[in-house]
Amino acid sequence: MSGPFLLSERALSLKPSATVAVTSRALELRRQGVDVISMSVGEPDFDTPEHVKAAAIAAIESGKTKYTAVNGIPELREAISAKFARENGLEYAPDCVTVTSGGKQALFNAFFALLNPGDEVLIPAPYWVSYPEMVALTGAVPVAVPTTPESGFLLDPDELEARVTPRTRMIVLNSPGNPTGAVFPPEVLLAVAAVAQRHDLVIVTDEMYEHLVYDAEQVSIGLYAPEHTLTINGASKAYAMTGWRIGYAGGSKGVIAAMNALQSQSTSNASSVSQYATLAALSDQAHTAAFVDMARAAYRERRDRIVSGLNGLGLRTPTPQGAFYVMADTTPIHPDELEAARRILDDARVAVVPGTDFAAPGQVRLSYATSMANIEEVLRRIGGLLG
Ligand SMILES: Cc1ncc(COP(=O)(O)O)c(C=O)c1O
């Protein structure tokens, strides 16, 4: 493009998503009236719990509709500080906590507060696509640390350390992980913490899926390397609040202050109404725990069904221990995952995400945040394609 709207180098540097073609095709098929089942969405299919909605309505009716402090209302930062202590054993005082517009903005602020051009950032792969893209936007360099389906996508701390160079500045961890569902056990986290301490690296840990853990123990790495860790979390996945846009971070005073300064010049504060809603989610622990337990039990049942179903069809699928995604080996359909995803869409009318953008060749991601009836139908349709 030329003329006045010549795009910036930053905008042009964003990698076009390889999955766009599949997503647009799914939309096109739907427009044509084809009944496509989506297994590609990254959000809970449950509605936001009633007590959270009620708190938001009360906030609107009592006029809590103005700007708040950039880092969030004090009551919410206190509730987050208490949550970190209660659920994760982490000590972040309320002024070491900041509230953002979704987990994404917490990550974005963190990367821009900490990274310089040329810095290297270690990211276990397959990874959530936004990590390398956000890191690259800062001018820093994402460095993938491969993991394999055979190990259940477990990070090998020696593989991690082997990629440390004098330019390495940060490790990004996401456990339970998107797209793999892997949950890193305490011994792996201890070893990663030791790598960070040996090389003086920052650990940015994204714990958005912490409540969606099935057979494993979820541990926060901040327990092992508190001086090195910035912990990111949010309301989206845990409390079925994706549209409310609330994320948060806990870290040292200096980095939180820098994140606040960045946010003060971009979005100011997260939505006031959403902050009061999240306050209810964190404070009314009995109702929230009942919701989380119900959702976790439903996801577990769906996970068991989809894993056994896909393996039964000959598509090798490791059993993930957390989140609500599975990674299926689609090489029996086609060696190239983009082509496999296209066939699954065109011939089985199921939308999945090819692993291309996640650094997961030969695999596709299916989200099981959908009804059991849909899962049964998806297995039937993919079975028809194979058979
Ligand atoms: C690993 C991970 N982190 C962060 C986010 C973003 O969360 P939010 O919707 O709160 O911005 C997502 C959403 O898909 C995610 O999968």
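Helix 5 (residues 102–114) supplies the largest share of the shell around the ligand, namely 3 residues; helices here are DSSP runs of H or I with at least four residues, strands are runs of E with at least two, and both are numbered from the N terminus. The model is a predicted one, in which local features need pLDDT of at least 70 and side-chain atom pairs count only at pLDDT 80 or more, while totals for chains, interfaces and linings use all residues. Residues are numbered from 1 along each chain as its sequence is written, and side-chain values use heavy atoms, with hydrogens and water left out.

Of the 13 residues around the ligand, those that come nearest are Gly103, Asp206, Ser236, Lys237 and Arg245, where a residue counts as near if one of its heavy atoms lies within 4 Å. By class, the shell divides into 4 nonpolar, 5 polar and 4 charged residues, with Asp, Glu, Lys and Arg taken as charged, Ala, Val, Leu, Ile, Met, Phe, Trp, Tyr, Cys and Pro as nonpolar, and the others, Gly among them, as polar.

Polar contacts (pairs of N or O atoms within 3.5 Å) can be followed residue by residue. Gly103 places a backbone N or O atom 2.7 Å from an oxygen atom of the ligand, Lys237 has a polar side-chain atom 2.7 Å from a ligand oxygen atom, and an N or O atom in the side chain of Arg245 is 2.7 Å from an oxygen atom of the ligand. The protein covers 91% of the 400 Å² of accessible area that the ligand has on its own, as given by the Shrake-Rupley method with a 1.4 Å probe.

Elsewhere, 3 strands form an open antiparallel sheet in the order 9-12-11, two strands being paired if DSSP finds at least two bridges between them. Strand 9 (325–329) and strand 11 (353–354) stand at the edges with a single partner strand each, so one side of each is left without a neighbour in the sheet. Strand 9 pairs with strand 12 (residues 363–367) in the antiparallel sense over 5 bridges, and Tyr325 stands opposite Ser367 in strand 12.

Most residues other than glycine have a negative phi, and most peptide bonds are trans. Pro176 is found in the loop between strand 5 (168–174) and helix 8 (186–199), and Pro179 lies in the loop between strand 5 and helix 8. Asp200, although not a glycine, has a positive phi of about 55°, and its place is in the loop between helix 8 and strand 6 (202–206).

Technical notes:
Polar contact = N/O pair within 3.5 Å; in protein donor to acceptor, adjacent residues only side chain to side chain.
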